[in-house]
Amino acid sequence: MTAFEPGDEVFGRHGGTCAELVAVPAAQLVAKPANLTPAQAAAVPLSAFTALQAVRAATGRELLISGASGGVGTYAVQIAKARGAEVTGIRGPAKADLVRDLGADRVLDHTRGEWGGRYDSLIDVYGNPSLKDCGRVLKPGGALVLVGGTGGKWFMGTDRWLRALLAAPFRHFKVKVLVHKDSRDGLLALKDLIEAGDVRPVLDRVYPLDEVPRAIEAVRRGEVRGQAVVSLAVPPAPRR
Ligand SMILES: NC(=O)c1ccc[n+]([C@@H]2O[C@H](COP(=O)([O-])OP(=O)(O)OC[C@H]3O[C@@H](n4cnc5c(N)ncnc54)[C@H](OP(=O)(O)O)[C@@H]3O)[C@@H](O)[C@H]2O)c1
């Protein structure tokens, strides 16, 4: 017995979804936001939910968000703005307009080494800034929210997080490590933000199922503005 009827449009997160059919526990799903297409809704759960948790973990009004033009960052900028924050977003040269359009008050370019200002929180989605550099931009009592960019070779790549946690007592800022946790309440909060028009997915391209490797390669190369989605509704390209 579930809250859904056959044919209801739903969204949520589950592994193994690059497939024609997948069984997902009903408890992991909520009704799709009414103003999104299925492809847009598919982009939301992992990235937006991570962003929601990161913004909730941040403190104060002035936020610096690294990786602001990517999957997680595009939602983090919008959610932070919806909560009344003043946002500076770090992105590459081709995506300044995108991050500004999402509401960022200021943008910095990671390819030019731009890094500055003083913030209540740094949401570090991507880039591996050193703890020293994080400390330079955080006010006393500020929060460093570590989302991604671990990249270390020990402890399954989490050694940067461990070092940051160990060093935290000797720094002037708090360290919070974010590990994505799914929840229905989180999905419902995102649905509300999306239906209110405060948050929208930024879809670069929707790929057919047989182009999953191409989609992953585009993300890996940094060519994607926002997110890439794989959809069964897109027919495969004709074979030459
Ligand atoms: N903790 C968790 O639970 C959790 C959950 C989900 C994801 N993550 C992690 O979050 C990270 C970001 O995921 P995503 O899906 O948002 O990635 P993504 O879509 O590939 O976005 C990457 C972002 O990083 C920027 N970037 C690329 N190279 C950079 C550099 N050298 N210095 C600074 N910024 C750089 C890109 O900017 P330009 O493209 O504009 O250059 C873009 O904004 C990943 O490490 C992922 O594993 C963690």
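Predicted model: local features only at pLDDT ≥ 70, side-chain atom pairs only at ≥ 80, totals over all residues.
Reader: Good. How far is the backbone N or O atom of Val-72 from an oxygen atom of the ligand?

Author: That distance is 2.8 Å, so the pair falls within the 3.5 Å cut-off. With His-110 the side chain takes part: one of its N or O atoms is 2.7 Å from an oxygen of the ligand.

Reader: Nice. How much of the ligand does the protein bury?

Author: The protein buries 70% of the 940 Å² that the ligand exposes when taken alone.

Reader: And how many residues surround it?

Author: The ligand is surrounded by 22 residues, with Ser-69, Gly-92, Lys-95, Leu-178 and His-180 the closest. Sorted by class, nine are nonpolar, 11 polar and two charged.

Reader: Switching to helices: at what angle do H1 and H6 pack?

Author: About 95°, with the axes 10 Å apart. H1 covers residues 38-57 and H6 covers residues 184-195. That angle makes the two helices roughly perpendicular.

Reader: Which residues meet there?

Author: From H1 they include Val-44, Phe-49 and Arg-56, and from H6 Leu-187, Leu-190 and Ile-194 are among them. By class, the contact has 10 nonpolar residues, one polar and one charged.

Technical notes:
Residues numbered from 1 in each chain as written. Heavy atoms only, no water. Near = heavy atom within 4 Å. Polar contact = N/O pair within 3.5 Å; in protein donor to acceptor, adjacent residues only side chain to side chain. Areas by Shrake-Rupley, 256 points an atom, 1.4 Å probe, with all protein chains shown as cover. Nonpolar A, V, L, I, M, F, W, Y, C, P; charged D, E, K, R; others polar. Axes fitted to C-alpha atoms, helices over the stretch in contact; angles between N-to-C directions. Helix = DSSP H or I, 4+ residues; strand = E, 2+ residues; numbered from the N terminus. Parallel < 35°, antiparallel > 145°, perpendicular 65-115°, else oblique. Contact = heavy atoms within 4.5 Å.
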